[in-house]
Amino acid sequence: PVPASVGKMAAGWMLPEEAQLERLLEQDSYLEPHTPDLRRRYDKFVSLAKSIEKNEGGLEQFSRGYESFGVNRQADGGVYCKEWAPGANSVCLVGDFNGWDTSSHHYKKLPFGKWELHIPPNVDGSPPIPHGSKLKVVIGSKTGQQLYRISPWARYVEREQNATTYVWVHWDSPQPYMRKHPHPRRPNSMRIYEAHVGIASPEGKVASYKNFTQNVLVRIKNLGYNCIQLMAIMEHAYYASFGYQVTSFFAASSRFGTPEELKELVDTAHSMGLFVLLDIVHSHASSNTEDGLNAFDGTDSCFFHSGTRGTHQQWGSRLFNYSNWEVLRFLLSNLRWWVEEYYFDGFRFDGVTSMLYHHHGLSAVFSGDYSEYFGLQVDEDSLVYLMLSNYMLHSFYPDFITIAEDVSGMPTLCRPVIEGGGGFDYRLAMAIPDKWIQILKELKDEDWNMGNIVFTLTNRRYGEKCIAYAESHDQALVGDKTLAFWLMDAEMYTNMSILSPFTVVVDRGIQLHKMIRLITHALGGEGYLNFIGNEFGHPEWLDFPRIGNNESYHYARRQFNLLDNHLLRYSQLNTFDTDMNNLEEKYGWLAAAPAYVNEKHEGNKVIAFERANLLFIFNFNHEKSFPDYRVGIDKPGKYKIVLDTDAKEYGGHGRLNHNTDFFTDSQYQNNRPNSLLFQSDDYFQRKAHVFELLNYGTLHSCENSLKVYIPSRSAIVLACVDNEK
């Protein structure tokens, strides 16, 4: 239970009367002309929070609507039912319990469009609606129709065999799952494994919560990820929607198993110390009527805006009316439900860009001009809803994490609410995967632009954290391909055996796959995300069963069997991903200050940067290795290699001696006081790998340096082992 004092704080009484903008403006003076917008947003948020306190007793009570709405068993065994249907003339409940009789259980009309029904317990004290029985709410519309609907608050729905729509099943388990483990502590560094339960098996079928608990969680833990992001959990009638056309917001998807099995999954993850995020979809809802929210009360409004404003032109889905009191109750209660009932530790809010703007991001080009983020194009009702959601979640659950899927780059979205910000902890760095796909599609290796890569990886607002990723589910969907498949394509079917020599294509693909992921991990943000299977270079693409592919599951699965065959090179990529995550766990670069980029040399195709007292060096040159390469560094001392993409266990060529010690010189290089000269101890034995010595020069006047040997198409990470120096 949440203490009353916390509830009051979250409701607004302990909030500052005005937005605290001083720190925000110190960091970004360009926001000064937009302070009226920031203050207005904050004022609307405070006004709404205080109104909830005055009229509902606070956010704590307001956000527990699921305790009264829907169908709830009472302490005496009776059932209390409540719905919000402002456009209805009548409401009744039918189902197995009353023989589907529309005349026996009518709701009583209450003020503000609400309806209630009390059903007493059976004579023996048992509930009148047994667990597992089917139900429907029957709405008498203003046009005289009888509309059979699923309650918006339904906790379990399922599709019967050969049926096209879902049915509402009353869930009141006689043996509810009892939680065994507390929430884990919020990690300093977020290493997120984005996963879809249904595809988490090599078999051509819908995989289950049980399968994920028993077979996938241990893989994630062993890979070194500390957080799972579960997709497609909120019930969605159309499997191929990837979970983004939600039909029942309070129901965990039944195609994967029961609510108790999902609770067991989350609890087991907690026992392993894994944080669990839910992909929450409050940006829109499915347009389904029989098994969705659409036209629940017979009108085109109810939960949504009426007319064209209530429909997303591109998605064909319905758009919530975030200014409506009961819509706010529904959505805020939905957030609390997934935390209180299923123990989730955080949310990734989907479609935030669509929520932020009246144009929903459609045909909008975000150049970074601040005028694009303020003014009439901003939907302040939905923005205030997001502010209220984040403030509530962080007040009630201090370790909670929220992530925004926003492509626009709206300033202050990840700043505290009291600064007039959106209150998110992180936003997704969505430009990074697009950049990698664009490079692989359009450019030859020799045309890769080091400066452009570095710019894309570092182009983020100071003080607003980002989750970096080289690819997610978006890049794997049909019409696109995984990074591995872009790199190696059809040769992944025939040339991935470690018993046969590298082909040119597979060699290039294996090496670049590791380098792309490492530089994204280390330079791209304050968190890192990987989509299930991509850690080992999953081939092909992702496509759910649908009419267009003859309902095939062939591409709706993750082929872990490829990984488990140690005669294939997939296991080498998996080993690299594990060691990369374990190195981050040791040194914590994601939680460290942004990197200092020492070098981005276009001719050499070399990028070097420092972060968390580590030196990262990437040689993207496809043919040239560099002996005696000098790189500037801040901290003097002795350095050793702690990660090498060219190591043989990662599918590399083993051109570096990991026992080599590298000592800094007091020579300026790359604007750093020290530098390293990267020269291999056994350079002459490895000279065959050096295609050409290049007249590379110093980029800046420098004081200290270090020299190294950096093989072509490889990356190394060095750590100082001489702490006394």
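Q: What makes up the packing around the buried residues of α11?
A: They pack against α10 (431-442), α14 (504-523), β20 (596-601) and β21 (606-611). Contact here means heavy atoms within 4.5 Å. Helices (H or I, at least four residues) and strands (E, at least two) are DSSP runs, numbered from the N terminus. Keep in mind that this is a predicted model: local features need pLDDT of at least 70, side-chain atom pairs count only at pLDDT 80 or more, and totals for chains, interfaces and linings use all residues. Residues are numbered from 1 along each chain as its sequence is written, and side-chain values use heavy atoms, with hydrogens and water left out.

Q: Which residues of helix α11 are buried?
A: In α11 (residues 450-458) they are M450, G451, I453, V454, T456 and L457. Buried means under 20% relative accessible area, exposed over 50%, partly exposed in between (1.4 Å probe, protein chains only).

Q: Why are α10 and α14 called roughly antiparallel?
A: Their axes cross at roughly 155 degrees, and angles over 145 count as roughly antiparallel (under 35 is roughly parallel, 65 to 115 roughly perpendicular, the rest oblique). So α10 and α14 are roughly antiparallel to each other. The axes, which come within 12 Å, are lines fitted to C-alpha atoms, for helices over the stretch in contact, with angles running from 0 to 180 degrees between N-to-C directions.

Q: What makes the contact between α10 and α14?
A: I432, W436 and L440 of α10 meet R508, I516, I519 and T520 of α14.

Q: Why does E260 count as buried?
A: Its relative accessibility is 12%, and the cut-off is under 20%, so E260 counts as buried. E260 sits in helix α6 (residues 259-271).

Q: What joins the side chains of E260 and W171?
A: A polar contact of 2.9 Å.

Q: Why is A251 called buried?
A: A251 has 0% relative accessibility, so it counts as buried. This residue lies in strand β13 (residues 248-252), and its contacts include Y156, I233 and W338.

Q: Which residues touch the most other members of the largest nonpolar core?
A: Of its 189 residues, they are F212, L230, W338, F347 and W436. A nonpolar core is a set of buried Ala, Val, Leu, Ile, Met, Phe, Trp, Tyr and Cys residues joined through side-chain atoms within 4.5 Å.

Key
A polar contact is a pair of N or O atoms within 3.5 Å; within protein, one must be able to donate a hydrogen and the other to accept it, and residues adjacent in sequence count only if both atoms are side-chain atoms. Lists of a residue's contacts leave out its neighbours within four places in sequence.
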